[in-house]
Amino acid sequence: RIQEGERSYLGRLMDRQEELKERKERVLADLRHQRDEASERVAMGMVGMERRDLHGFLVGAERRVGEEAAKWQRLAQVKKSQAYIAQLYAAHARAATRRRNAEMDGMVR
């Protein structure tokens, strides 16, 4: 009779141990799932930050390229103006030279 009681007690202990092992597995699986979800959220947040950083960099780069282009455009405009002034000066100098030559010719005759 005592042995029978011990066997049933041992059986209940082993069942309880099995239950606890299954519960431990479920809790661990749930924790792993939560960890994976948290990792995913962190990764998505980092992707979002990277995307915002990239967008900011591209906008800044476009602005810098625009500023650089405007600077070169102004420089080209200045060079055009300088070339135009040089042409006017050359035309004026040629006209003055012709006038002097004509005056010299007039004096010689």
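Is Leu13 buried, partly exposed or exposed, and what is its relative accessible area? Leu13 is partly exposed, with a relative accessible area of 41%; buried means under 20% relative accessible area, exposed means over 50%, and partly exposed lies in between, with a 1.4 Å probe and protein chains only.

The model is predicted, and local features need a pLDDT of at least 70, side-chain atom pairs count only at pLDDT 80 or more, and totals for chains, interfaces and linings use all residues. Residues are numbered from 1 along each chain as its sequence is written, and side-chain values use heavy atoms, with hydrogens and water left out.

The protein chain contains 1 helix and 0 strands. Helices (H or I, at least four residues) and strands (E, at least two) are DSSP runs, numbered from the N terminus. Helix α1 covers residues 2–108. Along the principal axes, the C-alpha atoms of the chain fill a box of roughly 160 × 15 × 5 Å. The radius of gyration of the chain is 46 Å, whereas a compact globule of 109 residues would have a value near 13 Å. This radius is taken over C-alpha atoms, and the globule rule is 2.2 Å times the number of residues to the power 0.38. Arg63 counts as exposed, at 52% relative accessibility.

Of the 109 residues of the chain, 3% count as buried. The chain exposes about 10600 Å², and carbon and sulfur atoms supply 59% of this area. Accessible areas come from the Shrake-Rupley method with a 1.4 Å probe; for residues, only the protein chains shown count as cover. Leu13, in helix α1, forms a nonpolar surface patch of about 300 Å² together with Tyr9 and Leu10. Patches are made of residues with over 30% relative accessible area and no salt bridge; like charges are joined within 9 Å, and nonpolar side chains (Val, Leu, Ile, Met, Phe, Trp, Tyr) within 5 Å.

Charged side chains were examined next. The chain has 24 positive and 18 negative charges, and their mean positions are 14 Å apart. Lys and Arg count as positive and Asp and Glu as negative, while His and the chain ends are not counted. The place of a charge is taken as NZ of Lys, CZ of Arg, CG of Asp or CD of Glu.

Side chains of opposite charge can pair when their charged atoms come close. A search of the whole structure finds 3 salt bridges, each defined as a side-chain nitrogen of Lys or Arg within 4 Å of a carboxyl oxygen of Asp or Glu. One joins Arg16 to Glu19, with the closest N and O atoms 3.3 Å apart. These two residues lie 3 residues apart in helix α1, about one turn of the helix. Arg16 is partly exposed at 42% relative accessibility, and Glu19 is partly exposed at 46%.

Lys71 and Glu68 form another salt bridge, at 3.4 Å from N to O. Lys71 and Glu68 are also 3 residues apart in helix α1, about one turn. Their relative accessible areas are 40% for Lys71 and 37% for Glu68. Asp36 pairs with Arg35, the closest N and O atoms being 3.3 Å apart. Asp36 is partly exposed, with a relative accessible area of 42%.
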